[in-house]
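Subject: Structure for your review

Dear colleague,

Please find below the structure that I am handing over to you. I would be grateful if you would read the notes after it with the structure open beside them.

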Amino acid sequence: MKVRLSLLQQFGLFLIVLLVLALVPALVSTYLVTFFLTLLMYIALAYSWNFISGYTGYISFGQIALFGIGSYSCAILIFKWNMPWLLAAATGSLIAGAFAIPLGLIMLRLKGPYFAVGMMGLFQFLAALAATWKSLTNGATGIYLPPVSALAYIYFAFLGLAVVLFLATWKLEHSVFGLRLRTVKEDEEGAESLGINTTFYKVFAFVVSALGCGFAGGIQVFYVSYVDPTTAFPAVLNITMIIMALLGGMGTYWGPLIGAVLLGQVSEFLWAHFPYFHLIIYGCLLAFIIMFMPSGIMGYFHKRKMLRGEGNPSLTNGSAALKPANGNG
Amino acid sequence: MQDSLLILQVLINGLLLAGVYGVAAIGLNLIFGVLRVANIAHGDFMMLGAFIVYTLSGLGLSPLIGIPIVGGILFVIGLLTERFLVEKVVSQPMAYSLLLLYAVSILLRNVGLNLWTSNYVSLNILPGSLHIGPLAIPEIRLVVFIIAVGLTVAFTFILNKTTVGKTIRASIQHPDLAGACGIDVRKVRALTFGVGSLLAGITGTFFIMLFSVNPEMGDMMILKLFAIVIVGGLGNYMGTFAGALVIAMAETFTGFYGTTQFSDVAVFSIFLLSLILRPQGLLGGRKTA
């Protein structure tokens, strides 16, 4: 089986899928809308993580920290200034993005495990800060917002975010900009010596990722109409977005989508049947992916020549997909 | 007068804590030295040690007898983790081992949460205090400190004076050359990971005797251990102690003058500062033992 789609066919397929997705709230039950809505959030987050970690090779274990910043910003803007929620979510996203500029400049100097652990620390640090800074965040009590009236709007917000992130990733894959960004993963020092300002590209990817995470956080906060340190910095979501991107194939533009859709179903099933074991199963799944299919489902198909898209160099051999920034073997 | 006494007391507490941190940090440092792998699950191995000794004491076994048993169990677990998981990706780029050990960390933490729930528990043994003049030192802290120092001295001796230690150091300095000299580097890697996990597990048993812990303790511990190793320099054992001292003192002093959360913030700040101020020392530091 070989799948080869022209650009026009891909575009057509994309439009059809988009149309179907746009009709979902009108056609299905409320339960299914909430299911799709969560799925779209997973997709958006998986793309956000993929943007920084998949393309630059800087593995982040705390990208959800920016989700939290978006959540709190949005909640506080709605609560204190009575801002319309979509505007508040967008502002929250911008705040997360603005925060990511100095943060990225500092953190992205760290290589390999230090960046990963540093981001993990940041995530815990911000969660602790949210719990202690009571005048702003109301501490562990949290902030309550007016309940949501129309689910469809939230669905469309997540859909829009997921589509924008998908298109941004698609654009990345098909541009010189994306090529330069990927040199960071392949050989950062080599790229520098060719005159590529790797710091700019890394920080740019980090900021885009932060915008995506922040926006998702903002929408989510309005959806659950409540925020406290645990809902703003959800450790489970942090793990889920990483596994989703890896399962589909990190550093590819279909990967996060495939991973999120597959794992979204699985996690729904696991939550329903094995609520206590689902993270154990996630751990096993992550180990399995790393050991047996490190370039994910996309990489698996590429290896068996079942897909012939425009060549994605990060898929041509397994090890390149996860090549770290420091090139330390 | 009263103030300086208080500061002396806090200093002593910091020193005693540093001895405990040092043991786990050596394990982390050693694993990094030999395998070039950052064991992000190290804190969760500690948790495992803490809760195994907790379970054993629930069965009526004295925690002090439990310590060597935990050491043995954790050694085997570490050995198996290396042999069947880490070994498969050790020649791959670092992102592989990082993500794989992240998976191990998720797995261990949630197995822990399932077995022991998220409640905080502790083992209260030797509740008395040793009084030296006006100073009071809790006996348990002293006992744990003495075991920790003994373990560290024994470990340094093994590393520096025995053949096993020499093979480990050779594998750190030049894995390929060590292999060419007939050292079974694979075996050394498995052994090192086992010993590293053993040290983590024993530190875990200290922790449950000194503080209240729950199965999520690995989260904060891994940050502290990384901070210690980074402050002290990778592969530098004297440095590890310096790092342990810095982190333990920062934690004790901020904990004394502020709250626990405040001390977590302080530890994270030191962690970040050390990363930012000496990024060259992270991977390019001294590799010798």
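This is a predicted model: local features need pLDDT of at least 70, side-chain atom pairs count only at pLDDT 80 or more; totals for chains, interfaces and linings use all residues.

Chain A

Chain A holds 15 helices and two strands. Its C-alpha trace spans about 50 × 45 × 40 Å along the principal axes. A compact globule of 329 residues would have a radius of gyration near 20 Å, and chain A has 19 Å, so the value agrees with that expectation. Of the 329 residues in chain A, 51% are buried.

R182(A) lies in helix 8, which covers residues 176-193 of chain A. Is R182(A) buried or exposed? R182(A) counts as buried because it has 23 C-beta neighbours inside 10 Å, and the cut-off for a buried residue is 20 or more. Between R182(A) and Y201(A) there are 9.2 Å in space, C-alpha to C-alpha, and the two are 19 residues apart in sequence.

Chain B

The secondary structure of chain B consists of twelve helices and two strands. Read from the N terminus, the order of its elements is α-α-α-α-β-β-α-α-α-α-α-α-α-α. The C-alpha trace of chain B spans about 60 × 45 × 35 Å along its principal axes. With 289 residues, a compact globule would have a radius of gyration near 19 Å; the value for chain B is 19 Å, and therefore agrees. Buried residues account for 51% of the 289 residues of chain B. Among contacts in chain B between residues at least 6 apart in sequence, 76% join residues at least 24 apart.

The two strands of chain B deserve a separate look. Strand 1 (residues 129-132) and strand 2 (residues 135-138) of chain B run antiparallel and are joined by four bridges. Within this pairing, S129(B) stands opposite P138(B), and L130(B) has I137(B) as its bridge partner. Strand 1 and strand 2 of chain B form a hairpin, with two residues between them. In the turn, G133(B) has a positive phi of about 60°.

Where the chains meet

How many residues of chain B are in contact with chain A? There are 39 of them, and they are in contact with 38 residues of chain A. The elements of chain B that give two or more residues to this side are helix 3 (63-89), helix 4 (94-116), helix 9 (218-232), helix 11 (260-277) and helix 12 (280-283). Helix 4 of chain B gives the most, with 14 residues. By class, the side of chain B that touches chain A has 30 nonpolar, five polar and four charged residues.

With kind regards

Terms used: Residues are numbered from 1 along each chain as its sequence is written. Chains are lettered from A and ligands numbered from 1 in the order in which they are written. The radius of gyration is taken over C-alpha atoms; the globule rule is 2.2 Å times the number of residues to the power 0.38. A residue is buried if 20 or more other C-beta atoms lie within 10 Å of its own, exposed if 12 or fewer, and partly exposed in between; C-beta atoms are placed from the backbone. Two residues are in contact if their C-beta atoms, placed from the backbone, lie within 7 Å. Ala, Val, Leu, Ile, Met, Phe, Trp, Tyr, Cys and Pro count as nonpolar, Asp, Glu, Lys and Arg as charged, and the others, Gly among them, as polar. Two strands pair if DSSP finds at least two bridges between them.
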